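Subject: Structure handover

Hi,

Here is the structure for you to look over. My notes on what was found in it follow below.

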Amino acid sequence: MRSNPTAAEAKLWQILRCKRLAGYKFKRQVVLDDYIADFVNFEQRIIVEADGSQHLDNDHDARRDTYLGSQGFALMRFWNNDILHDGQSVEDAIWHALQMPPLPPTAARRAPPSPARGEGLFWSETRNA
């Protein structure tokens, strides 16, 4: 997609790139485990997708959305037609979502305790317990 984006993806990238939307940084075509997200803001944990008709009632998308939601991401899907013909409304919707506090970490996202950071039990503490 990077070298040959759809017209909607290109227009959406023009809105999101280089911190153009209120200083929020987005990356495009981000690999998240087994999935690729069109645009991601890691600070607010928001994924923005540009979708065509192939995404209508798509079981793969439903599984993907469930998984990415379990990883603490909020997903925003916009139809290509809306991006191309009502870009200001799409931009406004994304801006409003960015104003919300990020989703809290989930158990799936939390890293295990790090003894190097003084977290969790050290081996000697577990032996003496």
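Predicted model: local features only at pLDDT ≥ 70, side-chain atom pairs only at ≥ 80, totals over all residues.

Buried residues in α2 include D61, R64 and L68. These three cover an arc of only 65° around the axis, so they sit on the same side of α2. The general rule for helices: there are 3.6 residues a turn, so residues three or four places apart point the same way. The face turned away from the buried side of α2 carries D59, R63 and T66, which are exposed.

The length of α2 checks out. At 1.5 Å a residue, its 12 residues should span 16 Å. The end C-alpha atoms of α2 are 17 Å apart, which agrees. Just after α2, G72 takes a positive phi of about 90°.

**Aromatic pairs**

How many aromatic pairs does a search of the whole structure find? It finds three. Two of them are described here.

W13 and F39 form a stacked pair. Their centres are 5.7 Å apart, with 15° between the planes. This pair links distant parts of the chain: W13 is in helix α1 (residues 7-16) and F39 is in strand β2 (residues 35-41), 26 residues apart. Both W13 and F39 are buried.

Next, Y35 and Y67. Their ring centres lie 5.7 Å apart. The planes are at 40°, so the pair is tilted; stacked would need under 30 degrees, and edge-to-face over 60. Y35 lies in strand β2 and Y67 in helix α2 (residues 59-70), so the pair ties together parts that are 32 residues apart in sequence.

Are these two tyrosines buried or exposed? Y35 has a relative accessible area of 16%, so Y35 is buried, the cut-off being under 20%. Y67 has 28% and is partly exposed.

**A charge over a ring**

R45 and F73 are worth a look in your viewer. The charged end of R45 sits over the ring of F73, 3.9 Å from the ring centre.

**N41 in strand β2**

N41 has its place in strand β2. Its relative accessibility is 0%, so N41 counts as buried. Which residues does N41 touch, leaving out those up to four places away in sequence? They are Y24, K25, F26, I46 and L98.

Best wishes

Methods: Residues numbered from 1 in each chain as written. Heavy atoms only, no water. Phe/Tyr/Trp six-rings, centres within 6.5 Å; stacked < 30°, edge-to-face > 60°. Helix = DSSP H or I, 4+ residues; strand = E, 2+ residues; numbered from the N terminus. Buried < 20%, exposed > 50% of the residue type's maximum accessible area, 1.4 Å probe, protein only. Lys NZ or Arg CZ within 6 Å of the ring centre and 35° of its normal. Expected span 1.5 Å × (residues − 1). Arc of directions from axis to C-beta. Contact = heavy atoms within 4.5 Å.
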